[in-house]
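Biologist: Please put the model on the screen. I have some questions about its packing.

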Amino acid sequence: MDWFKRKDKNIQTDQRKEMPEGVWIKVPTTGETVHRREVEDNLWVDPLSGYHFRIGSEEYFSFLFDDGTFDEIGQEIVPADPLNFEDRKKYSDRLKEYQEKTGHSDAVRVGIGKMNDLDVVIACMDFDFIGGSMGSVVGERLAMAIDHARENKMPLIIISQSGGARMMESVLSLMQMAKTSAKLAQLEEEGVPYISVMTNPTTGGVTASFAMLGDFNIAEPEALIGFAGPRVIRQTIGRDLPDGFQRSEYLLEHGFLDFITPRNQMKPELTKLLKILLHKYEE
């Protein structure tokens, strides 16, 4: 049987192949398209340009914890709507929407497991949940993570990606800045290491509290890190900002970061750093 048939003046194949959606991904910085599988195999980093696609707790936990295995804590703490807040929609409805959309109950998850055989507590934020905004649940889960690390003398890693405090909870959200900072002060008193990992973006009240309080503050390449955004700062001071302003490389140059770690080097670099802090490192 012929592989094509003629209909009017057009040649049509017997079977039309459809390209599955999401097979190719466009790289924002270069405009090039890459195969999704190639990006995923490289920990969601473009192999050519090094562009780091934004990922969440599920992906970070999968490659930081040995075999992707961990125990999760804090999931029983769920958000409420104490202020009965409503803008374009009710806050309670927005919470349900994002819970269904993301499969997460709020914007941070806490895992306990091993990273290259080291016992660690890792808290990771999810930007897909209302912009990774910090509300009461985020603050309480982080407090639980810090307390568990302190009580069990386990190093703590917090991976931040956030647009800042959650406006729908008003002052209750802002209180989490003081709460997490105070908990980290207790962790420091016990001499338990805390490494802050900042990803794109880390802004607002998160930057103004726990994200910048690590024994070591590190970041992924080209991550946007700051309190207010560049547009707000530009309008406030009335002048243009330097090239790369508020990006990881700029902050490293100006002393706000200790170093920058590409994602595919993050696990070995974190392990080496923790072993030094725990006096277990051997060349």
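Biologist: Which residues of the largest nonpolar core touch the most other members?

Modeller: This is a predicted model. The largest nonpolar core holds 36 residues. Those that touch the most other members are Val 121, Leu 156, Leu 187 and Phe 210.

Biologist: Which element gives the largest share of this core?

Modeller: Elements that give two or more residues to the core include the helices α3 (91–102) and α5 (170–189) and the strands β7 (118–125) and β8 (156–162). Helix α4 (136–152) is also among them. The largest share is 5 residues, and the element that gives them is α4.

Biologist: How many residues are in the second, separate core?

Modeller: Val 34, Ile 122, Ile 159 and Leu 270 are included in that second core. Its number of residues is 27.

Biologist: Is Ser 57 buried or exposed?

Modeller: Ser 57 lies in helix α2, which covers residues 57–64. Beyond its neighbours within four places in sequence, Ser 57 is in contact with His 104, Arg 109, Cys 124, Met 125 and Asp 126. Its relative accessible area is 0%, and buried means under 20%. Therefore Ser 57 is buried.

Biologist: At roughly what angle do the axes of α2 and α9 cross?

Modeller: Helix α9 spans residues 266–277, and its axis comes within 9 Å of that of α2. The contact is made by Tyr 60, Phe 63 and Leu 64 of α2 with Met 266, Lys 267 and Leu 270 of α9. By class, these are 5 nonpolar, no polar and 1 charged residues. The crossing is right-handed, and its angle is roughly 65 degrees.

Methods: Residues numbered from 1 in each chain as written. Predicted model: local features only at pLDDT ≥ 70, side-chain atom pairs only at ≥ 80, totals over all residues. Heavy atoms only, no water. Helix = DSSP H or I, 4+ residues; strand = E, 2+ residues; numbered from the N terminus. Buried < 20%, exposed > 50% of the residue type's maximum accessible area, 1.4 Å probe, protein only. Contact = heavy atoms within 4.5 Å. Axes fitted to C-alpha atoms, helices over the stretch in contact; angles between N-to-C directions. Left-handed = near helix turned anticlockwise from the far one by under 90°. Nonpolar A, V, L, I, M, F, W, Y, C, P; charged D, E, K, R; others polar. Core = buried A, V, L, I, M, F, W, Y, C linked by side-chain atoms within 4.5 Å.
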